[in-house]
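Please examine the sequence and the structure shown below.

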Amino acid sequence: MNESQNQLRNRVAIVTGATAGIGKSLVEKLVSNGVRCLAVGRRASRLEALGASLGNARFQAVATDIREANSPDEILKALPADWAMPDLLINNAGLALGIAPAIDCQLSDWLTMIDTNIAGLVRLTHRFLPSLVSAPRADIINLSSIAATYPYPGGNVYGATKAFVRQFSLGLRADLLGTNVRVSSIEPGMCETEFSIVRNGGDESRAKSVYAGMSPLTPDDIASLVLSVLSLPAHVNINSIEVMPTQQAFSALSVHRDQSM
Ligand code: 8X3
């Protein structure tokens, strides 16, 4: 067993958004590194399939929706009796709905993003902070986005929710000083997952075209990055990491030029 596996072995993780993409890849990597995982997601059949593919006693499915007030209770109910309380909270669940300018957006889409990306994350963090603080070492990994820092057309509420995640992570660091809890905000750019299909209202070919002619990040890239962050010695806290595909970068600020001037 190498040193990083040794550090992770027998820790107990909550991973939200575990049915697909980054969350699923995280569960696979954590379990193979000896971590016991409470895999949280809305689609029970997907979680069952993941559990079956892992065939592992270190996996426990929790079919619940973090937008629901009782989701932390559901997670605790699913915690196997011989597992310790969670000492690793990975707030990965999140979504973007639409890429339209603000004036054309549905309020319901905005509220769904706020309920999931902000309220769900806060709900779980609030509930599990006491057990994290009382563990010998603990981590909170929050999945933000480059959209937290770089606004782009159509990013409106999505970007704002991810800015919340980043700033909340940094605020937690401030409040948790003196405890054994580390907090990191992971901020990926383009990463090919179901994210783009959801954002494009289920239109798979439009979602695919987002990644045409370039190599996006993969869920495994981000999961490996999170494993590296977790494997650092306990006295090292990564506050935030921005990560983009090599083929994505920044654009110039835009200027509207009035033709009458
Ligand atoms: C999603 C990354 O680049 O589509 O969080 O905003 S990006």
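Where does asparagine 10 lie? Asparagine 10 lies in the loop between α1 (3-8) and β1 (12-16); helices (H or I, at least four residues) and strands (E, at least two) are DSSP runs, numbered from the N terminus. This is a predicted model, in which local features need pLDDT of at least 70, side-chain atom pairs count only at pLDDT 80 or more, and totals for chains, interfaces and linings use all residues. Residues are numbered from 1 along each chain as its sequence is written, and side-chain values use heavy atoms, with hydrogens and water left out.

**Asparagine 10**
- Phi of asparagine 10 is near 70 degrees, a positive value in a residue other than glycine.
- Most residues other than glycine have a negative phi.
- Asparagine 10 has 45% relative accessibility and counts as partly exposed (buried means under 20% relative accessible area, exposed over 50%, partly exposed in between; 1.4 Å probe, protein chains only).

**Ligand site**
- An oxygen atom of the ligand is 2.6 Å from an N or O atom in the side chain of serine 145.
- For the side chain of tyrosine 152, the corresponding distance from a ligand oxygen atom to an N or O atom is 2.6 Å.
- For the side chain of tyrosine 158, a ligand oxygen atom is 2.5 Å from an N or O atom.
- Taken alone the ligand exposes 240 Å², and the protein buries 86% of that (Shrake-Rupley method, 1.4 Å probe; for residues, only the protein chains shown count as cover).

**Leucine 107**
- Leucine 107 is found in helix α5 (residues 107-134).
- Leucine 107 is exposed, with a relative accessible area of 55%.

Conventions. Polar contact = N/O pair within 3.5 Å; in protein donor to acceptor, adjacent residues only side chain to side chain.
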